[in-house]
Amino acid sequence: MSFETIHEGNIRAYLMTVPGLFPANARLQVTEIGDGNINFVYKVWDDKSGQSVIVKQAKPYLRSSGKDRSLTTDRIRIESEVMAIEGSFCPDLVPKIYHQDMGQSLFVMEDLSDHEIMRKGLIKRKRYPLFPEHIGTFMAHTLYKTSDFTLEAKAKKAMQARFINPEMCEITEKLVFTVPYYDDQTTRYMPGSAQAGAALRSNEPLKKEVAKLKEAFLTSAQALIHGDLHTGSLFVTENSTKAIDQEFAYYGPMGFDVGAVIGNLVLNYAAHEYHSPDPAQREDFRTYLLETIEAVWQVFEREFTRLWKEHNQEVTAQAEGYREDYLARLFADSMGFGGCKVIRRIGRAPVEDFTSIADPKIRAKAERLALKLGEAMVRERHDFGTIEAVTHRIREIQAEAE
Ligand code: SR1
Ligand code: MG
């Protein structure tokens, strides 16, 4: 069976042609569930057996911008292949893939309806005690095992070629590293944070540090990174974490993934200015977020170190002090990229933590705090040395902002 494009109307007939997916007498129902910027996502379930799947499809354009903004459908190949690679290292930490059809630019995966997008949960002050263990392990394994420390040099370069992903990288290059500092997007800030947003464009010390981080994003090919590991790309329950949305994956700097996780926890920290109106409750949840940030780094560092000690294939990596030096640089990169991720979500492409703030004055206050935290993470990344110094500094900046 072949369709020019799969859509809500013909998706059931298409899925019935996929061997082993649904029983022959299935009564399939379909609904579009995607609310992201990039792709179309459908949930399809069988009324009779109760079985369900998720279908993700890339159209040759960006969902949020419509047909005028063309975008390669190769992103769906990259997403499904990277999800499968990550699944080979961490089977419990990504959805299972049931079917891939690159002719139709789609793949079919496990339905995670019992999970919730982490960003939405954090807005409601939900806590995920196993999250640091899960995400720290996920990042250590996926980054270490696709790096030169694991792969033979030619095999690694073949992987780089397979996941070169220029169009998706270009979105990140512009939105994360360029737009906040060079485009006049003052109108996209709240009136109360527009001045702080506009000030980014004349903040030369910050721009210099962001330029160095962009250089690393453009040139460093340390590992196959997820490339968009924010809390909207994480499906969670109290006991489970699943990384989704790998369409931005490419060979890039490891710290970009670690920074995405930490930066998005920082964004949530700032947004609780509104989401936790009771000061004691706010303080309590912010403490939880800072403890989570610390634990994410600690688990990542522990697992990465263990993998290095047990599995390193690169002879030069045995040089005395090199591992400690590598991890110190990775730590500074992570804080720097994390800061960039915080700043980029204020103004253009804001996240729900902020768009769901109904009071413009409180939103502006939270935005100003986020911009300060982001700047400190970028500019002070080489001074912190420890994750506890980062969380201490976050506290300090928040207290000064009161
Ligand atoms: C136009 S796409 C905007 C953002 O959404 C995705 O989640 C990525 O973070 C991208 O930068
Ligand atoms: Mg996404």
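In this predicted model, an N or O atom in the side chain of Arg-345 lies 2.9 Å from an oxygen atom of ligand 1, and the protein covers 88% of the 310 Å² of accessible area that the ligand has on its own (areas by the Shrake-Rupley method with a 1.4 Å probe). Local features need pLDDT of at least 70 and side-chain atom pairs count only at pLDDT 80 or more, whereas totals for chains, interfaces and linings use all residues. Residues are numbered from 1 along each chain, ligands are numbered from 1 in the order in which they are written, and side-chain values use heavy atoms, without hydrogens and water.

Two further side chains approach oxygen atoms of ligand 1: an N or O atom of Asp-228 at 2.7 Å, and a polar atom of His-230 at 3.2 Å. These belong to a shell, meaning residues with a heavy atom within 4 Å of the ligand, that also includes Asn-37, Ile-38, Leu-62 and Phe-248. By class, the shell has 5 nonpolar, 2 polar and 3 charged residues, with Ala, Val, Leu, Ile, Met, Phe, Trp, Tyr, Cys and Pro counted as nonpolar, Asp, Glu, Lys and Arg as charged, and the others as polar.

Because domain 1 (11-110) and domain 2 (116-401) both give residues to this shell, ligand 1 lies between them; the domain bounds come from an automatic or database assignment.

Key
Polar contact = N/O pair within 3.5 Å; in protein donor to acceptor, adjacent residues only side chain to side chain.
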